[in-house]
Amino acid sequence: MKRAISKSSLLYPLPVCLFLALWEISGRIAHTPLFPPFSKVFMEFWVLLGSGILLKSLAASLTRVLIGYLLGSLAGLFAGILMGLNRVVERSLSPLISILFPIPTLGWLPLLMLWIGINEALPVALIFICAFFPVAYNTLTGIKGVKKEYINVARTLKASSWFILWHVIIPMALPNIFTGLRLEAGMVWRTVIAAEMFAISTGIGSLLINAETLIRVDIILVCLVLLSLMCSSFDRVFLWLEHKLTGAWR
Amino acid sequence: MPFISLRNITTPYCLKNVNLDIEEGELIVLLGFTGAGKSTLLNVIAGLTEYQGEVYFDQKNMNDIPVEKRDVGYLLQDVYLFPHYNVFNNVAFGLRATSCPADKITEKVEAILGLLNISHLKNRYPKDLSGGEKQRVGLARSLIMEPKILLLDEPLASLDPVTARNIRKEVKSLHRRLFLTTLYVTHDFNEARELADRIVVIIKGELKQLGSVQDIFYKPAKEIKELINII
């Protein structure tokens, strides 16, 4: 049994190895800058890393993502809690959110370019919008899902409204809040790349569009792999955090 | 002087002009079928629902006193243990909410878990508890705040007969030991007979009869006679 398991686990990397081998062979046969072999892309990765271009671009994009995502999530969390706790606020804000939520984030780009100009605030504002609505909506859903009996029990145990909020309502809404956070963890990267491609001259998106102009497919592929890693890392960080905070009791 | 006095209690769609006096340390069973208004009466006493009329605890009018300050312990059929806290933290919840010192919390929680024979469960989460264990934890969580009044809303209705009987015995024995004024809601006549000092029968929101177990079962009012016959 043990042998069978170890044998089958040896098979897991096989498709990836086959894919890379196929890529390498096809690239060498094609022999065109439009389809470089895997080894050339890998070499270019080291060159970009060594020159500092890759890290500089990544740092620029990552900073924008972190600031926008943090601000958007906090604002979404705050709005969601406010709506979840106060029916008047919920009824006042719900129609507005229902209208604004379905607008694709990049749809805001032309408007924001006119309103705040082409500067560092532009991608941050876009990411803010990208993170705000799903987090607000999911926080609201999570808070409304907490049965009133839990709150009544807490009240009979002499808990104040603040204590109930921090120790009953928010912890019990956490699974929904994390759904909102994870939903947009990948999306914010797509948004920042789009903003950098169209409007900002630094970051991974800018590196991508410059590589396209210079017909450097190897650099484009390096950027795409890096983006894939960043998106999945973000998702995994939240998955880990969610498991850490809610795994024991769910 | 009664410890709890209810005067002309009326609630929308449910209770109609209920008057009731309960002595300190009594175990009163509120008996009636589903929808009769038993749970609503508990909610009135706890301050969890709107009502007309007056509620007195120890001759003090409680109408304007919020639930947090009424000193009641409340245990519901579904218990509503906080799923994100283990047994220890569930039981400690009220003490933490009232800023009790940490060493005092540990001491009190350990004591109450020991009293209910559930010390071995303290690190478990509610999802890993059986129905009977949940009820015991819920009882510990209510009792740790040393309430003046204990309200139990069909706490054993969803348990198997053996577990329910065991917990019933524990409730009775705890009541004797703590001399805690207790209101126990049930629709089970046998449970009422086994537990009650006095029984209150509520039918369609009205208090139909109040008396000892003997009074209710051997000299029942007309409507209750019909109910007993149905069973």
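Mentor: Happy to! Two residues are in contact if their C-beta atoms, placed from the backbone, lie within 7 Å. Before we go on, this is a predicted model, where local features need pLDDT of at least 70 and side-chain atom pairs count only at pLDDT 80 or more, while totals for chains, interfaces and linings use all residues. As for labels, residues are numbered from 1 along each chain as its sequence is written, with chains lettered from A and ligands numbered from 1 in the order in which they are written.

Now, what is chain A built from? You'll find twelve helices and zero strands there; helices (H or I, at least four residues) and strands (E, at least two) are DSSP runs, numbered from the N terminus. Chain A has a radius of gyration of 23 Å, well over the 18 Å that the globule rule gives for 250 residues, so it is more spread out than a compact globule. That radius is taken over C-alpha atoms, and the rule is 2.2 Å times the number of residues to the power 0.38. Along the principal axes, the C-alpha atoms of chain A fill a box of roughly 75 × 65 × 30 Å.

On to the meeting place. Chain A brings 16 residues to the contact and chain B brings 19 residues. On the chain A side, helix H8 (148–156) and helix H9 (161–185) are the elements that give two or more residues, and H8(A) has the largest share, six residues. That side of chain A divides into ten nonpolar, three polar and three charged residues. Here Ala, Val, Leu, Ile, Met, Phe, Trp, Tyr, Cys and Pro count as nonpolar, Asp, Glu, Lys and Arg as charged, and the others, Gly among them, as polar.

Last stop, the largest nonpolar core: a set of buried Ala, Val, Leu, Ile, Met, Phe, Trp, Tyr and Cys residues joined through C-beta atoms within 7 Å. Of its 132 residues, those that touch the most other members are Leu126(A), Ile127(A), Leu30(B), Ile45(B) and Leu151(B). Helix H7 (residues 121–144) of chain A gives the most to this core, 16 residues.

Technical notes:
A residue is buried if 20 or more other C-beta atoms lie within 10 Å of its own, exposed if 12 or fewer, and partly exposed in between; C-beta atoms are placed from the backbone.
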